[in-house]
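Here is a set of questions and answers on a protein model, for reading alongside the sequence and the coordinates.

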Amino acid sequence: MTGHHCSFPREPPSFPPSLIAGAQSLTSIARRCRCLSHEHCGHPLFLVLDHALSLPQDSRPLISDADGDAVDDVHLEVEATVCACLISASAQCAKAGEGSQEDDGRALATAGRAPRAISISTSESRSSGVSAAEVEEDRVAAFWDYQFLFVSQRSETAEPVLLRLVDGAVPSDFPSGTYYLIGPGLFADDHGSTVHPLDGHGYLRGFVFGGAPENKEVKFMARYVKTEAQVEEHDPASDTWRFTHRGPFSVLKGGRKVGNTKVMKNVANTSVVKWGGKLLCLWEGGDPYEIEPRSLNTVGKLEMIDGRGEPQHSEGHGVGDVWDVAASILKPILYGVFKMPAKRMLSHYKVDARNDRLLTLSCNAEDMLLPRSNFTFYEFDSDFKLLQKKEFNISDHLMIHDWAFTDTHYIIFGNRIKLDISGSISAVCGISPMISALSVDPSKSTSPIYLLPRSQDESQKGRDWRSAIEVPAQLWLLHFGNAFEAVDDEEGTREIRLQACVCSYEWFNFHKLFGYNWQSGRLDPSIMNVKQDGKALLPHLVQVSIDVNAEGDCQKCSVESLNNWTRPTDFPVINPDFSGRQNKYIYGGTTSGTRPALPHFPFDSVAKLNMSDKSSSTWSTGNRRFIGEPIFIPKGTGEEDDGYILVVEYAVSIQRCYLVILNPKRIGEADALEARLEVPKELNFPLGFHGFWDVDS
């Protein structure tokens with residue numbers, strides 16, 4: 001932040017008088033605290049104010065006022081920021097002995113309103129030597145940092161923009177290719193509605209690596225995925241937005257509520273893959289959208305489920321089952337009224353690198369309402385030809401976000417759910433989000449794992465796959481890092497190992513993901529930063545070990561923290577060349593724990609865990625900077641950690657995004673950073689979800 005000069009407009013004619021007075025008071029207090037001197041011009045809260053003052057009308061944080069109405073005027077945001085800064089500056093004055101309580105009170109009164117920052121508990125991370133003023137300063141800054149991580153970006157760039165190198169150099173042996181990153185881009189419309197980050201329209205980013213070895217360069221592109229919902233809600237002539245679809249996690253404030261059946265808002269914002277020459281953006285409940293790889297233009301929806309024929313193998317279906325009757329009644333209603341397809345494709349796919357196959361998974365639309373689950377697996381070759389389709393019916397009410405595979409099995413780690421009757425009624429009436437119809441089911445102290453036979457030979461073996469293997473812990477699975485098995489050919493026994501990110505049922509809440517409150521439209525970072533009191537509540541890494549005998553029966557099932565690593569961590573990734581086989585290293589997004597008010601999330605570090613010697617190391621960003629999902633780019637030498645890691649760094653205090661290149665071998669050392677490239681400020685984008693590396697042929 002060195003060299004950044006905070007500026008305050010003297011007479012901004014469009015700002016309300018209370019804001020001008022507040023800014024003047026803030027400036028006065030700051031000067032008395034020497035916060036605007038040359039050496040303190042990077043004071044974090046003044047940077048927040050500086051950027052809030054210059055924030056474009058169409059790039060507002062996802063917040064609302066005290067009455068729960070969406071903020072339509074940047075003045076309100078700035079006014080709240082001024083008040084927040086006044087609190088911090090006043091506290092600094094008291095600390096320095098240069099201000100009095102009376103002065104602080106007058107300054108706060110001048111601003112005209114109290115800050116709307118949500119209280120964030122910091123007791124867990126407060127350490128000795130940290131003053132109350134510093135804790136309060138971090139608390140206020142943390143609230144705004146979190147808001148700025150979810151600022152809408154309405155701009156697109158069809159023409160590649162050369163990124164400016166700010167640190168290091170792009171390695172000469174970095175392969176040519178494109179890193180695609182998908183995530184939400186828009187959180188508020190122009191008519192008072194906000195949406196949950198999971199319901200934000202898909203915004204596809206492309207980082208294109210090219211150039212000669214001695215002069216490598218990276219160019220950037222970004223386009224919205226033109227889904228049916230995006231086309232309906234965006235007016236390109238006026239460049240305005242009006243949300244008409246509710247989405248599963250949101251409630252419209254400026255649109256139609258009661259009778260609005262547009263709940264399946266396919267925003268194609270969750271994951272991205274390129275396979276068989278097709279670049280696809282996926283969502284959790286519908287067909288993917290195909291994108292033209294070079295221009296990022298939307299080609300259209302790709303049917304990967306319908307029209308694929310009956311499954312080659314259908315397992316576990318009863319005849320005349322009562323739930324079959326219920327399903328036959330529900331299906332036409334769900335499709336006819338809510339436009340839910342009979343099968344909905346999940347956003348997480350798998351690439352079987354050794355067999356050169358793309359694996360995908362779908363479930364039935366009625367599964368969320370009935371105490372059973374139907375899973376259909378699809379396997380495609382490199383030309384996108386369907387090679388296998390297998391369907392399984394499980395008599396358990398499960399929700400799946402991610403899954404795993406080995407050479408012989410598809411693996412479902414079940415998250416148990418139940419129907420919420422009162423929530424269903426309010427959801428249908430448009431009073432609450434559709435996800436209110438479901439809640440977690442903590443009735444059992446264990447977690448089910450289903451080993452589903454991938455091959456016909458495995459299907460004919462003795463073990464009944466309908467019988468779940470119960471993990472001796474109640475865990476909600478978020479993401480898999482890897483799964484592999486070791487077979488003893490002589491004994492016929494098998495050891496299966498699963499590496500995954502899980503959290504507790506106690507913490508997980510459909511209504512509070514990312515801290516979004518659908519009633520107020522606010523984002524509350526405290527939800528993601530709860531005090532754990534020795535419990536493993538938040539997302540963390542574990543290894544599940546399953547030992548199976550020759551008959552396929554489970555002899556032992558255990559779970560333990562991966563490498564005894566206890567920090568909150570998610571987005572586990574490995575060298576993709578080792579997917580489905582035993583790996584030595586695993587990487588993930590984690591926290592340094594240095595922010596008192598944001599001790600756990602957003603992540604600010606990349607962790608590298610060595611499963612062989614149980615060691616761990618991290619690379620961390622700078623102050624008030626966060627990261628998204630890391631991705632491993634292999635060199636193809638066969639050495640597992642020989643490659644590079646790409647991760648986006650979000651410098652929220654200055655509203656910048658950077659693409660960071662790390663050397664996996666050097667994580668934990670001072671020279672782990674290979675390069676940092678800056679995305680132009682006007683193209684700064686919100687937090688992304690999942691990415692994909694496409695190497696040039």
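Predicted model: local features only at pLDDT ≥ 70, side-chain atom pairs only at ≥ 80, totals over all residues.

Q: Is Lys-512 buried, partly exposed or exposed?
A: Buried requires under 20% relative accessible area and exposed requires over 50%. The relative accessible area of Lys-512 is 42%, so the residue is partly exposed.

Q: How many Å apart in space are Lys-512 and Ile-527, C-alpha to C-alpha?
A: In sequence, Lys-512 and Ile-527 are 15 residues apart. In space, their C-alpha to C-alpha distance is 7.2 Å.

Q: What is the volume of the largest cavity?
A: The structure has eleven cavities of 30 Å³ or more. For the second largest cavity the volume is about 100 Å³. For the largest cavity it is about 1,000 Å³.

Q: Which strand gives the most to the lining of the largest cavity?
A: The lining of this cavity has 45 residues, and the closest to the centre are Leu-198, Phe-249, Glu-284, His-401 and Leu-513. By class, the lining divides into 31 nonpolar, ten polar and four charged residues. Strands E25 (475–488) and E31 (569–573) each supply at least two residues. With four residues, the strand that gives the most is E25.

Q: How many nonpolar residues does the lining of the second largest cavity have?
A: Among the residues lining this cavity are Arg-344, Asp-367, Ser-373 and Phe-375. Strands E16 and E18 each supply at least two residues of the lining. One lining residue is polar and two are charged, while the number of nonpolar residues is nine.

Q: Which kind of aromatic pair do Phe-377 and Phe-392 form?
A: The structure holds 31 aromatic pairs. In the pair of Phe-377 and Phe-392, the rings are 5.9 Å apart centre to centre, with 75 degrees between the planes. Planes over 60 degrees apart count as edge-to-face, so by that cut-off the pair is edge-to-face.

Q: Which strands hold Phe-377 and Phe-392?
A: The two residues are 15 apart in the chain, and both are buried. Phe-377 is in the strand at residues 373–380 and Phe-392 in the strand at residues 386–394. These strands are E16 and E17.

Q: Over the ring of which residue does the charged end of Lys-265 sit?
A: Two lysines lie over rings here: Lys-608 is over the face of Tyr-585, at 4.4 Å from the ring centre. The charged end of Lys-265 is 4.5 Å from the centre of its ring, which belongs to Phe-243.

Q: How many residues of H5 are buried?
A: Helix H5 (residues 132–148) reaches 25 Å from its first C-alpha to its last, close to the 24 Å expected. The rest of the structure largely encloses H5, because the buried residues among its 17 number 14.

Q: What is omega of the cis peptide bond that joins Phe-601 and Pro-602?
A: Most peptide bonds are trans. The bond between Phe-601 and Pro-602 is cis, and Pro-602 is in the loop between strands E32 and E33. Its omega is about 5 degrees.

Q: What is phi of Asp-239?
A: Most residues other than glycine have a negative phi. Asp-239, in the loop between strands E6 and E7, has a positive value. Its phi is near 55 degrees.

Technical notes:
Residues numbered from 1 in each chain as written. Heavy atoms only, no water. Phe/Tyr/Trp six-rings, centres within 6.5 Å; stacked < 30°, edge-to-face > 60°. Buried < 20%, exposed > 50% of the residue type's maximum accessible area, 1.4 Å probe, protein only. Lys NZ or Arg CZ within 6 Å of the ring centre and 35° of its normal. Expected span 1.5 Å × (residues − 1). 1 Å grid on protein atoms, 1.4 Å probe; cavity = no way out; pocket = protein on both sides within 12 Å on 5 of 7 lines; lining within 4 Å. Points joined across faces, edges and corners; volume = space filled by probe spheres on them. Nonpolar A, V, L, I, M, F, W, Y, C, P; charged D, E, K, R; others polar.
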